[in-house]
Amino acid sequence: MKSQSIQTKIDIYAFEELSDDIKSLINSAKAAVLTSYSPYSEFKVGAAVLLENGMIFSASNQENVAFPSGLCAERVAMFYANAQQPQTPVTAIAIAALTKGDFLQTPISPCGACRQVLLETETRFGNFIDIYLFGNKEIFHIKGVQQLLPLCFAHF
Ligand code: THU
């Protein structure tokens with residue numbers, strides 16, 4: 001029998017330690033929570049996608065009375081960016097979540113379905129996407145969607 005471990009590296013930052021570009025991206029994700037339509041969960045999520053050409057597309061979670069018909073902020077933002085700029089690689093995504101009027105202290109991480117969608121964009125353009133997960137106390141940075149989705153179903 002052989003064993004293998006897969007590790008995920010998470011760099012943890014304070015907001016002040018980040019570059020101006022990434023601060024702007026995170027601020028876009030934080031602002032996007034205001035557009036969340038989440039009357040059922042009352043959990044507001046914002047996501048902002050940065051493209052290689054400097055454009056930022058931000059979006060939020062959109063819920064529906066038929067619960068599975070709703071969509072997470074990450075997928076709304078990523079599909080929006082890809083639909084507007086289908087030829088432009090995505091370099092980073094930032095995610096922020098607000099509940100009961102406050103941003104979370106510790107970040108949330110994308111759900112499994114969102115990871116699969118983010119991975120598709122990463123694979124499609126062939127570059128690592130920097131993932132920034134915003135928390136009031138700390139910000140997680142993960143280099144590449146594959147780290148969030150080990151043993152992923154890849155293109156063949
Ligand atoms: N949600 C997101 O938008 N992104 C995540 O990473 C986790 C969950 C949304 C889905 C739903 O509208 C609400 O948050 C509660 O799960």
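**Exercise 1. Is Asp130 buried or exposed, and which residue does its side chain meet in a salt bridge?**

Step 1. Asp130 has a relative accessible area of 15%. Buried means under 20% relative accessible area, exposed over 50%, and partly exposed in between, with a 1.4 Å probe and protein chains only. Asp130 is therefore buried.

Step 2. The partner of Asp130 is Lys143, at 3.0 Å from N to O. A salt bridge here is a side-chain nitrogen of Lys or Arg within 4 Å of a carboxyl oxygen of Asp or Glu.

Step 3. Asp130 belongs to strand 6 (residues 130–134) and Lys143 to strand 7 (residues 139–143), so the pair ties together parts that are 13 residues apart in sequence. Strands (E, at least two residues) and helices (H or I, at least four) are DSSP runs, numbered from the N terminus.

Step 4. Lys143 has a relative accessible area of 42%, so Lys143 is partly exposed.

A note on the model. The structure is predicted, so local features need pLDDT of at least 70 and side-chain atom pairs count only at pLDDT 80 or more, while totals for chains, interfaces and linings use all residues. Residues are numbered from 1 along each chain as its sequence is written, and side-chain values use heavy atoms, with hydrogens and water left out.

**Exercise 2. State how many salt bridges the structure holds, then describe the one formed by Asp11.**

Step 1. The count is two salt bridges.

Step 2. Asp11 pairs with Lys9, and their closest N and O atoms are 3.1 Å apart.

Step 3. Asp11 has 23% relative accessibility, so Asp11 counts as partly exposed. Lys9 reaches 54%, so Lys9 counts as exposed.

**Exercise 3. Find the nonpolar surface patch that includes Phe67, and place Phe67 in the chain.**

Step 1. The patch is formed by Tyr37, Tyr40, Val65 and Phe67. Patches are made of residues with over 30% relative accessible area and no salt bridge; like charges are joined within 9 Å, and nonpolar side chains (Val, Leu, Ile, Met, Phe, Trp, Tyr) within 5 Å.

Step 2. Together these residues have about 470 Å² of accessible area. Such areas come from the Shrake-Rupley method with a 1.4 Å probe; for residues, only the protein chains shown count as cover.

Step 3. Phe67 sits in the loop between strand 3 (56–60) and helix 2 (73–84). With a relative accessible area of 61%, Phe67 is exposed.

**Exercise 4. Describe the largest pocket: its space and its lining.**

Step 1. The largest pocket holds about 200 Å³ of space. On a 1 Å grid over the protein atoms alone, a pocket is an open set of points with protein on both sides within 12 Å along at least five of seven lines, and lining residues have an atom within 4 Å of a point. Grid points are joined across faces, edges and corners, and the volume is the space filled by probe spheres set on the points.

Step 2. The lining has 15 residues. Those nearest the centre are Asn61, Glu63, Leu71, Cys72 and Ala73.

Step 3. Sort the lining: eight residues are nonpolar, five polar and two charged. Ala, Val, Leu, Ile, Met, Phe, Trp, Tyr, Cys and Pro count as nonpolar, Asp, Glu, Lys and Arg as charged, and the others, Gly among them, as polar.

**Exercise 5. Examine phi of Glu42 and of Lys100.**

Step 1. Recall the background: most residues other than glycine have a negative phi.

Step 2. Phi of Glu42 is near 55°, a positive value. Glu42 lies in the loop between helix 1 (20–32) and strand 2 (43–51). Glu42 is exposed, at 58% relative accessible area.

Step 3. Phi of Lys100 is near 50°, also a positive value. Lys100 lies in the loop between strand 4 (90–99) and strand 5 (102–103). At 82% relative accessibility, Lys100 counts as exposed.

Methods. 1 Å grid on protein atoms, 1.4 Å probe; cavity = no way out; pocket = protein on both sides within 12 Å on 5 of 7 lines; lining within 4 Å.
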